[in-house]
Amino acid sequence: MKEQLMALKEQALEKLTQQSSLHQLNEWKATYLGKKGELTAALRGMKDLSAEERPIVGALVNEVRESLESAFDGQEAELKRAEREKRLREETIDVTLPGRSIPLGSEHPLTRLIREVEEIFLGLGFQVAEGPEVETDYNNFEALNVPRNHPARDMQDTFYITEDMLLRTHTSPVQGRVLRANVEAAKQRGETSPQPVRIIAPGRVYRRDDDDATHSHAFMQIEGLVVDRHIRMSDLKGILTTFAQQMFGHDVAIRMRPSYFPFTEPSTEVDATCYSCGGDGCRVCKQTGWIEILGAGMVHPNVLEMAGYDPEEFTGFAFGMGVERIAMRRYGIEDIRHFYTNDVRLMSQFKSRV
Ligand code: 2U9
């Protein structure tokens, strides 16, 4: 029995040195020290021993167990240390490597242009207003003095959703909403007059056009509205001159040609001196020296009246511009559809200014 135990101990210690992973080590433990292991089997054999032999062999079994356990602990510590060292070696970080670059998207050229226009008007004391793209016929046409028989109200020109719901054809209903909200707020506060207004309304609008190089059924507009006491045409000209100079260059001049819109009277189309030739005449401005940038006018008294502003007390001016047309000229983009096909080869050229 004694020889058997010593042989077992020797064999176990010999095997222990061959275990090269924590997993193998645990298997070794089960084989020699586990419940179904060899040492437990030896212990079970003690029942056949005489009463004198039993304590001697029992003490020996315990001695063997203790020496195997301590050998196990030593080997386990050694393997854990080796594994940790291996992991540290493998996970070494070279702090001198250059960082990986993170691909950055770019601002859409239309978004970029709208932000630029917003910045200019914010600097002039305007606020930015937004509203829904699905509007009522009343907000889009009726309240803006567009008569029932006007061609814009034809099914051929406007996307109607129901008889009196439509996709807005301009952002003017946003301004109408702001005016009416001000009138309502004044009433709530018991004031006799609504607050003056100085807003721009950028956003997507819809027209029932066939898409081609210069037309899109959906496009972006920026409109502006100022309503206050004593607002005159010269205020309009001053604001638009400042805008044109900040947008297109500090020596730019503007001119106003008479025009017609149902919601403004008088109405005007506004040209800026050609950014390409400075006004001398070239291919870009078709030898005129001028480029049309927007439409504008004094708000029609009917429009003020319908919104609840007394046209005897208040006057105002309004203007509207097509964002794509300005962006196409500024960035030399020849087909409006490029803005909506979003080819990254084109879009990635418009890196954000920040
Ligand atoms: C209210 C009163 C008046 C908005 C205006 C224009 C002139 C204009 C066009 C330019 C090219 C639209 O993008 S475009 O097709 N717009 O010329 N828009 S005045 O007048 C308003 C708006 C709101 C309450």
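# Questions on a predicted model

User: Is Lys286 buried or exposed?
Analyst: Lys286 has a relative accessible area of 70%. Buried means under 20% relative accessible area, exposed over 50% and partly exposed in between, with a 1.4 Å probe and protein chains only. Lys286 is therefore exposed.

User: What kind of model is this?
Analyst: Residues are numbered from 1 along each chain as its sequence is written, and side-chain values use heavy atoms, with hydrogens and water left out. Local features need pLDDT of at least 70, side-chain atom pairs count only at pLDDT 80 or more, and totals for chains, interfaces and linings use all residues; this is a predicted model.

User: Where does Lys286 lie?
Analyst: Lys286 is not a glycine, yet its phi is positive, at about 50°. Helices (H or I, at least four residues) and strands (E, at least two) are DSSP runs, numbered from the N terminus. In these terms, Lys286 is placed in the loop between E7 and E8.

User: Which positive phi does His230 have?
Analyst: His230 belongs to the loop between E5 and H8. With a relative accessibility of 70%, His230 counts as exposed. Although His230 is not a glycine, its phi is positive, at about 60°.

User: What is the omega of the cis peptide bond from Glu265 to Pro266?
Analyst: Pro266 has its place in strand E7, residues 264-273. The bond from Glu265 to Pro266 is cis, with omega near -5°.

User: What distance separates the centres of domain 1 and domain 2?
Analyst: The domain assignment gives domain 1 (2-90) and domain 2 (109-347); such bounds come from an automatic or database domain assignment. Taken over C-alpha atoms, the two centres are separated by 89 Å.

User: How are H1 and H4 oriented to each other?
Analyst: Axes are lines fitted to C-alpha atoms, for helices over the stretch in contact, and angles run from 0 to 180 degrees between N-to-C directions. Angles under 35 degrees count as roughly parallel, over 145 as roughly antiparallel, 65 to 115 as roughly perpendicular and the rest as oblique. The axes of H1 (residues 2-16) and H4 (residues 53-90) come within 10 Å and cross at roughly 5°. H1 and H4 are therefore roughly parallel.

User: How many residues of the contact of H1 with H4 are nonpolar?
Analyst: Contact means heavy atoms within 4.5 Å, and the residues involved include Leu5 and Met6 of H1 and Val57 and Leu60 of H4. Ala, Val, Leu, Ile, Met, Phe, Trp, Tyr, Cys and Pro count as nonpolar, Asp, Glu, Lys and Arg as charged, and the others, Gly among them, as polar. The contact of H1 with H4 has two charged residues, two polar ones and, as nonpolar residues, twelve.

User: Which residues of H2 make the contact with H1?
Analyst: The axes of H1 and H2 come within 11 Å and cross at roughly 170°, so H1 is roughly antiparallel to H2. From H1, the contact uses Leu8, Gln11, Ala12, Lys15 and Leu16, and from H2 it uses Leu25, Trp28 and Tyr32.

User: How many aromatic pairs are there?
Analyst: Rings of Phe, Tyr and Trp (its six-membered ring) pair if their centres lie within 6.5 Å; planes under 30 degrees apart count as stacked, over 60 as edge-to-face and the rest as tilted. By this rule, the number of aromatic pairs is eight.

User: How is the pair of Trp28 and Tyr32 classed?
Analyst: The ring centres of Trp28 and Tyr32 are 5.5 Å apart, with their planes at 45°, so the pair is tilted. Trp28 and Tyr32 are both buried. Being four residues apart in H2 (residues 22-33), they are separated by about one helical turn. The class of the pair, to repeat, is tilted.

User: Which residues do ring pairs link into a cluster?
Analyst: Phe121 and Phe126 form an edge-to-face pair, 5.0 Å centre to centre with 70° between the planes. Both Phe121 and Phe126 are buried. The cluster linked by ring pairs consists of Phe121, Phe126, Phe243, Phe248 and Phe319.

User: How are H5 and H10 oriented to each other?
Analyst: H5 (residues 109-123) and H10 (residues 323-331) pack with axes 10 Å apart, at an angle of about 105°. H5 is also among the elements that cover the buried residues of H10. From the angle, H5 and H10 are therefore roughly perpendicular.
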